[in-house]
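The paragraphs below follow the salt bridges and the barrel in turn.

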Amino acid sequence: MRKNIIAGNWKMNTTLCEGLELAKGLNEALQGKTPKCDVIIGTPFTHLASVVAAIDTNKIGVAAQNCADKEKGAYTGEVSAAMVASTGAKYVILGHSERRAYYHETPEILKTKVILALANGLTPIFCIGEVLEEREAGKHFDVVDEQIKSSLFDLSREDFSKIVIAYEPVWAIGTGKTASADQAQEIHTHIRQTIASKYEQSIADNCSILYGGSMNAGNVKELVSKPDVDGGLIGGASLSVENFLPIVEAF
Ligand code: PGA
């Protein structure tokens with residue numbers, strides 16, 4: 001059956017020194033514990049190799065927050081999926097709403113990134129989610145369907161089986177507003193049905209669907225108590241061990 005996952009998304013926070021301290025702190029806090037979920041931290045590119053070297057990667061997986069939509073070559077400033085994989089990171093967050101909104105990442109670009117990530121052995125954590133106007137207009141189901149279909153539904157069954165989905169309503173990211181557990185359950189069920197209708201029920205049942213958007217120690221238990229909420233993608237609350245650990249321990 002599908003895995004429960006708690007993944008931190010540090011975004012553009014922490015210097016290398018601060019990031020290492022945070023990663024080591026979490027590593028230490030998890031010593032001797034067996035969390036009932038997979039734990040992942042999504043660090044800036046510059047921290048990946050050092051963080052991988054500093055922690056027990058059997059306990060904490062490491063993710064990049066992006067990768068290039070090109071394999072290699074004359075793309076100044078870009079970081080390829082192969083480069084990410086070469087650091088020992090095993091995951092890559094793709095399609096985050098901040099990348100879609102601020103860096104104009106289109107469904108086509110994201111589709112290419114997913115393919116390159118998979119080709120390099122990385123597990124994509126693929127983010128989807130509607131903006132407030134779309135939710136208010138009742139379009140959120142259509143929006144997430146379109147995001148999944150346009151970037152993921154050309155994948156083979158085998159490749160799709162490797163994807164982790166993160167549903168993150170844009171209106172809940174960094175705002176302190178969380179979707180209610182019922183709202184999360186409703187749309188996660190819908191996402192799972194969409195996957196089942198394209199692939200098959202067992203693939204949908206095995207796909208981890210995380211919730212993201214102001215998840216914290218206070219609301220995590222209720223959210224993950226819902227049968228289709230398989231964990232979380234955590235921004236703000238992943239930036240300290242004190243805030244992140246209780247989320248990991250919510251299972
Ligand atoms: P937040 O961010 O937890 O700070 O709302 C979540 C995310 O953007 O992944």
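A salt bridge is counted here when a side-chain nitrogen of Lys or Arg lies within 4 Å of a carboxyl oxygen of Asp or Glu. By that rule the structure holds 15 salt bridges. The model is predicted, so local features need pLDDT of at least 70 and side-chain atom pairs count only at pLDDT 80 or more, whereas totals for chains, interfaces and linings use all residues. Residues are numbered from 1 along each chain as its sequence is written, and side-chain values use heavy atoms, with hydrogens and water left out.

Eight strands close it in the order S1-S2-S3-S4-S5-S6-S7-S8, with parallel pairing. From one strand to the next the twist averages 25°. Helices (H or I, at least four residues) and strands (E, at least two) are DSSP runs, numbered from the N terminus, and two strands pair if DSSP finds at least two bridges between them. Strand S7 (residues 209-212) and strand S8 (residues 231-234) run parallel and are joined by two bridges. Gly212 has Leu233 in S8 as its bridge partner. On the sheet packs helix H5 (residues 107-119), which touches strand S4 (91-94) and strand S5 (123-128); contact means heavy atoms within 4.5 Å. The direction of H5 makes about 160° with that of S5, where axes are lines fitted to C-alpha atoms, for helices over the stretch in contact, and angles run from 0 to 180 degrees between N-to-C directions.

Which parts of the chain does the salt bridge between Asp230 and Arg2 tie together? The two side chains meet at 2.8 Å, N to O. Asp230 lies in the loop between helix H11 (220-224) and S8, and Arg2 in the segment before strand S1 (5-9), so the pair ties together parts that are 228 residues apart in sequence. Both Asp230 and Arg2 are buried, meaning under 20% relative accessible area; exposed means over 50%, and partly exposed lies in between (1.4 Å probe, protein chains only).

In the salt bridge of Arg99 with Glu105, the closest N and O atoms are 2.9 Å apart. Arg99 is partly exposed, at a relative accessible area of 22%, while Glu105 is buried at 8%. Glu130 forms a salt bridge with Arg135, with 2.8 Å between the closest N and O atoms. Glu130 counts as buried at 0% relative accessibility, and Arg135 is buried with a relative accessible area of 13%. Elsewhere, salt bridges that share partners join Arg2, Arg192, Asp228 and Asp230 into one network.
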